[in-house]
Amino acid sequence: MVYVYPVISRRSGGVSIGINLNPNNACNWRCIYCQVPNLTRGSAPKIDLPLLEQELRIFLRELLEGDFMSRQVPPECQRINDIALSGNGEPTSAKEFVEVIEVIARVKHDFALAESIKLVLITNGSLINRVAVQRGLARMAMLNGEVWFKFDSAMPDRRQLINGASISNGTIKRHLKIAATLCSTWIQTCVLQIDDQPPSENEVDAYLEFIAQARDAQIPLQGVLLYGLARPPMQVEADRLSKVSDQWLAQLADRIKALGVEIKAYP
């Protein structure tokens, strides 16, 4: 399939139906931990909406009526957990983003999934200022929608290294407020070691200060999703990257929790 793919997740306890709006492997950021091979700078190509809808219907029919679950999914994961707009680049760069949400809404309705299945957008948040993206987020909110907003570092030089992005903390905060006001939103943070060194104490302090400022500004966040490095990166920096220890991640999670912020940590 061009757009639709399955992810079997023990962590979430089910199947995530991925929707890849960037089959050209193009993204406006370049994260050094990205798992996409041949990643290039750019935007999503023109989306074939009828094909996307056809693929989603075929795949849901196979999941719900066929034997995909019994053949490929461990017994403890045999349920559909969510539909996730993710894939090989920044999904909000698709010009048809709003139309894609409407396709998903129509298919969810036809398969009676409107209440039971989440619609998740995994985004770097850089294009939230676009009116069309905001319209899509508002529509997502009606579909049990949830935004996972990438924020890996509060230090601009470190963010340039990790994400290849020059976006400022002030812009991130504004975009985060827009997203959280329109749709249920979590901050999503990937924590990793570079050259065997975890984030410095200065970087951790800056990150915690950003979270505290968002809290004090009454940005209606659901909380923070904290991740360790889980799969091999496919970028040239891959050999420099490694996981932080479970203990290190747990200590950071405790410091976030101490701010009065909901935290879900996945080593």
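**Close-up views of a predicted model**

**View 1. The largest pocket holds about 1,500 Å³ of space.** A pocket here is an open set of points on a 1 Å grid over the protein atoms alone, where a 1.4 Å probe fits, with protein on both sides within 12 Å along at least five of seven lines; lining residues have an atom within 4 Å of a point. The volume is the space filled by probe spheres set on the points. Of the 49 lining residues, Gln35, Ser86, Ile122, Gln188 and Arg231 are the closest to the pocket centre. The lining divides into 23 nonpolar, 15 polar and 11 charged residues.

This is a predicted model, where local features need pLDDT of at least 70 and side-chain atom pairs count only at pLDDT 80 or more, while totals for chains, interfaces and linings use all residues. Residues are numbered from 1 along each chain as its sequence is written, and side-chain values use heavy atoms, leaving out hydrogens and water.

**View 2. Phe151 and Phe210 form a stacked aromatic pair.** Their ring centres lie 4.1 Å apart, with 25° between the planes (rings pair if their centres lie within 6.5 Å, and planes under 30 degrees apart count as stacked). Phe151 sits in the loop between β7 and α5, and Phe210 in helix α7, so the pair ties together parts 59 residues apart in sequence. Ring pairs also bring Tyr207 into a cluster with these two.

View 3. The structure holds 0 disulfides (sulfur pairs within 2.5 Å).

Definitions and conventions. Ala, Val, Leu, Ile, Met, Phe, Trp, Tyr, Cys and Pro count as nonpolar, Asp, Glu, Lys and Arg as charged, and the others, Gly among them, as polar. Rings of Phe, Tyr and Trp (its six-membered ring) pair if their centres lie within 6.5 Å; planes under 30 degrees apart count as stacked, over 60 as edge-to-face and the rest as tilted. Helices (H or I, at least four residues) and strands (E, at least two) are DSSP runs, numbered from the N terminus.
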